[in-house]
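Here's a quick briefing to read alongside the model. Have a look at the fold first, then work through the notes below.

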Amino acid sequence: MRRGIGPANIRASTMSESQPPTDDCLDTQGLVCPEPLMLLRNRVREMRSGETLHVVATDPTTQRDFNNFCRFMGHELLAAHIVDGVYHYRLRKG
């Protein structure tokens, strides 16, 4: 069983952590629900299976929304953390 990364598992960080490069980046800073999720859904549709995406958001509801989106759609949420109040997500299209 795959272990999900939910709101309780998001780590707070004060500095940028070393992460492997992603295939694409989506910046949803300043947008509120449901816009970040809609943009994520549209971007993932354009990706090929196995590609990775870095998403940056400021809306705290993305913690719940992105985790559920990945779980329901068969994508993998690789990492989720907060840096200076900004949420960073890495996901891989299933």
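Is arginine 92 buried, exposed or partly exposed? Arginine 92 is partly exposed, with a relative accessible area of 32%; buried means under 20%, exposed over 50%, and partly exposed in between, using a 1.4 Å probe and protein chains only.

Bear in mind that this is a predicted model: local features need pLDDT of at least 70, side-chain atom pairs count only at pLDDT 80 or more, and totals for chains, interfaces and linings use all residues. Residues are numbered from 1 along each chain as its sequence is written, and side-chain values use heavy atoms, with hydrogens and water left out.

**Fold overview**

- The protein chain has 2 helices and 5 strands, where helices (H or I, at least four residues) and strands (E, at least two) are DSSP runs numbered from the N terminus.
- Along the sequence, the pattern reads β-β-α-β-α-β-β.
- Of the 94 residues of the protein chain, 40% count as buried.
- Take the contacts (heavy atoms within 4.5 Å) between residues at least 6 apart in sequence: 73% of them join residues at least 24 apart.
- The protein chain's accessible surface is about 5,700 Å², with 53% of that belonging to carbon and sulfur atoms; the areas come from the Shrake-Rupley method with a 1.4 Å probe, and for residues only the protein chains shown count as cover.

**The nonpolar core**

- The largest nonpolar core has 16 residues, and Leu40, Val44, Leu53, Val55, Tyr89 and Leu91 touch the most other members. Such a core is a set of buried Ala, Val, Leu, Ile, Met, Phe, Trp, Tyr and Cys residues joined through side-chain atoms within 4.5 Å.
- Leaving out residues up to four places away in sequence, valine 55 touches Leu26, Thr28, Leu40, Phe66, Tyr87, His88, Tyr89 and Leu91.

**Aromatic rings**

- There are 2 aromatic pairs here. Rings of Phe, Tyr and Trp (its six-membered ring) pair if their centres lie within 6.5 Å; planes under 30 degrees apart count as stacked, over 60 as edge-to-face and the rest as tilted.
- Phenylalanine 66 and tyrosine 89 pair edge-to-face, at 4.9 Å centre to centre and 70 degrees between the planes.
- Phenylalanine 66 sits in helix H2 (residues 62-73) and tyrosine 89 in strand E5 (residues 86-92), so this pair ties together parts that are 23 residues apart in sequence.
- Phenylalanine 66 is buried at 0% relative accessible area, and tyrosine 89 is buried too, at 1%.
- Tyrosine 87 and tyrosine 89 are stacked, 6.5 Å centre to centre with 10 degrees between the planes.
- Tyrosine 87 is buried, with 10% relative accessibility.
- Phe66, Tyr87 and Tyr89 make up one aromatic cluster.

**Salt bridges**

- The structure has 4 salt bridges, each a side-chain nitrogen of Lys or Arg within 4 Å of a carboxyl oxygen of Asp or Glu.
- One of them joins arginine 92 and glutamate 76, with the closest N and O atoms 3.1 Å apart.
- Arginine 92 lies in strand E5 and glutamate 76 in strand E4 (residues 76-83), so the pair ties together parts that are 16 residues apart in sequence.
- Glutamate 76 is partly exposed, at 31% relative accessible area.
- Another joins aspartate 65 to arginine 64, closest N and O atoms 3.0 Å apart; aspartate 65 is buried at 12%, while arginine 64 is partly exposed at 43%.
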